[in-house]
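Subject: Structure handed over, with notes

Dear colleague,

Please find below the structure that I promised to pass on to you. My notes on what was found in it follow directly after.

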Amino acid sequence: MDGFGLYRCMTKIGISPPGTKTYAPYTPAVVVGNQVWLSGQINIDAGDDITAQTKGTLEKIDALLAEAGTSKHDLVFVQVLLKTMEFYAPMNEVYGSWLDGVEVKPTRAAFAVDALPADALVEIVVQAVKQD
């Protein structure tokens, strides 16, 4: 107790599936209670165009969410970083198809940045809240 109330014990579980490629010292996914936080995901191995990289990145996100015991159906927030806003429409087409069947789409922010790790064209960050 610190004068402001009781501390609640927080257990963090890191998720880093075998073969996961990281570009800095971070954990690809962290689970705290029913919340799942994914680091920014890229997939430069998927190809050198925005459509392929977006699809490959979303596949990595699906795999990490599954490893965390959840899915895109539990997403509450998505942040998309693009190398240029010229990539917005093709990224959005792939992203929209990926969300087909998701009843309540997550909130989202999308913007262009000066550069991304490993010269990726897109990086996607997500947060999910697992349903009881």
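I begin with the largest pocket, whose lining, sorted by class, consists of seven nonpolar, four polar and three charged residues; here Ala, Val, Leu, Ile, Met, Phe, Trp, Tyr, Cys and Pro count as nonpolar, Asp, Glu, Lys and Arg as charged, and the others, Gly among them, as polar. The lining comprises 14 residues, and those lying nearest the centre of the pocket are Gly-19, Thr-20, Lys-21, Ile-42 and Lys-60. Helix α1 contributes the most to this lining, with three residues, and the space in the pocket comes to about 180 Å³. A pocket is defined on a 1 Å grid over the protein atoms alone, as an open set of points where a 1.4 Å probe fits, with protein on both sides within 12 Å along at least five of seven lines, and a lining residue has an atom within 4 Å of a point. Grid points are joined across faces, edges and corners, and the volume is the space filled by probe spheres set on the points.

Before the rest, a word on the origin of the numbers. The model is a predicted one, in which local features need a pLDDT of at least 70 and side-chain atom pairs count only at pLDDT 80 or more, while totals for chains, interfaces and linings use all residues. Residues are numbered from 1 along each chain as its sequence is written, and side-chain values use heavy atoms, with hydrogens and water left out.

The average pLDDT (the predictor's confidence in each residue, from 0 to 100) is 91 for the protein, and 93% of the residues score at least 70.

As for the overall fold, the protein has two helices and six strands, which follow one another from the N terminus in the order β-β-β-α-β-α-β-β. Helices (H or I, at least four residues) and strands (E, at least two) are DSSP runs, numbered from the N terminus. The C-alpha trace spans about 50 × 35 × 30 Å along its principal axes. Of the contacts with a separation of 6 or more, 68% are between residues 24 or more positions apart. Among the 132 residues, 37% count as buried, where buried means under 20% relative accessible area, exposed over 50% and partly exposed in between, with a 1.4 Å probe and protein chains only.

Which residues of helix α2 are buried? In this helix, residues 88–98, they are Met-91, Val-94, Tyr-95 and Trp-98. These residues lie on the same side of α2, because they cover an arc of only 100° around the axis, the arc being that of the directions from the helix axis to the C-beta atoms. An α-helix has 3.6 residues a turn, so residues three or four places apart point the same way. The buried residues of α2 pack against α1 (50–67), β4 (75–82), β5 (107–112) and β6 (122–129), whereas the face turned away from the buried side carries the exposed residues Ala-89 and Glu-93.

Two buried residues from other elements may also be of use to you. Thr-57, in helix α1, has a relative accessible area of 0% and, leaving out residues up to four places away in sequence, touches Gln-41, Ile-42, Asn-43, Val-122 and Ile-124. Leu-81, in strand β4, is buried at 13% relative accessibility, and its C-alpha atom is separated by 5.9 Å from that of Ala-110, 29 residues apart along the chain. With the same exclusion of residues up to four places away, the contacts of Leu-81 include Phe-111, Leu-116 and Val-125.

Finally, the loop between β5 and β6 holds Ala-118 and Asp-119. Phi is positive in each of these non-glycine residues, near 55° for Ala-118 and near 60° for Asp-119. Ala-118 is partly exposed at 40% relative accessibility, while Asp-119 is exposed, with a relative accessible area of 52%.

With best regards

How values were computed: Contact means heavy atoms within 4.5 Å.
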